[in-house]
Structures are given as structure tokens and as C-alpha cells.
Amino acid sequence: MDQLNLKLVEKQDGVYPAMPVGRPVALVIYCGDPRFHEATRKFLAAELNLNEGQYVSLVIPGAAASLGEPDNLQAEYEYLKGVVAFYLGHFQSIGRVVLIN
């Protein structure tokens with residue numbers, strides 16, 4: 001986060017800190033199974049140099065499985081395609097998409 005020169009907003013009563021400006025550099029798609037969340041965060045930091053705040057998490061059941069089976073999982077494929085398009089359009093700073101299955 002220090003590369004982006006962003007500071008967290010100070011906590012006020014009943015308000016939790018948030019980044020004043022979001023400039024994620026990646027969109028990360030991974031499975032919603034909580035058994036893998038800690039390992040996923042550690043992998044992103046250690047192997048891809050992506051720390052929390054530097055990426056948008058897209059956490060869905062089966063991760064990116066629908067991308068490999070668009071004919072058999074058409075509804076899931078269309079949903080994932082739409083969400084990815086939304087994030088890429090909303091955050092112009094995203095330069096890569098990471099798929100973890």
C-alpha cells in the first residue's frame with residue numbers, strides 16, 4: 001500500500017477505516033470455501049506481491065470453473081463475465097486478472 005501513497009482514514013466511534021481512494025492493480029478470482037482464504041492471501045502476497053488493498057477479490061463457489069465450461073455452465077459463465085467486465089470498467093487501474101482454482 002505504501003507504493004500507492006494511500007493512508008487509512010482514522011477510526012471514529014462506530015466507523016471503521018477505509019481507503020479513501022481505491023486503485024487496485026489486480027482482480028483476483030478464487031473459491032469461496034473459507035478453508036482456502038488464508039492460503040490464498042498468503043500466496044498472493046508471497047508469490048504475486050499483491051497485498052490486501054491492491055486487488056479486488058471476486059470470491060465465488062467453484063472459482064473460475066465456469067470459464068472452462070461455458071456451454072455446460074452458461075448462467076455461471078455469463079454472471080462471471082459480467083462481473084469481471086464491471087470491475088475492469090470501474091477500476092481502470094486493474095492491469096491483470098488472477099484466476100485461482
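Mentor: Let us consider strand 3 and its partner. Strand 1 pairs with strand 3 (residues 96-99) in the parallel sense, over four bridges. Two strands pair if DSSP finds at least two bridges between them; helices (H or I, at least four residues) and strands (E, at least two) are DSSP runs, numbered from the N terminus. Within this pairing, Val98 of strand 3 stands opposite Val28.

The model is predicted: local features need pLDDT of at least 70, side-chain atom pairs count only at pLDDT 80 or more, and totals for chains, interfaces and linings use all residues. Residues are numbered from 1 along each chain as its sequence is written, and side-chain values use heavy atoms, leaving out hydrogens and water.

Strand 1 comprises residues 26-31, and five of its six residues are buried, that is, under 20% relative accessible area, whereas exposed means over 50% and partly exposed lies in between (1.4 Å probe, protein chains only). Strand 1 also pairs with strand 2 (residues 55-60), in the parallel sense and over six bridges. There, Val59 in strand 2 is the bridge partner of Tyr30. Between strand 1 and strand 2 the chain passes through helix 1 (residues 37-48), and this β-α-β crossover is right-handed: with the strands pointing away from the viewer, the path from the first strand over the helix to the second runs clockwise.

The loop between helix 1 and strand 2 contains Asn49. Asn49 is not a glycine, yet has a positive phi of about 55°. Most residues other than glycine have a negative phi. Asn49 is exposed, at a relative accessible area of 55%.
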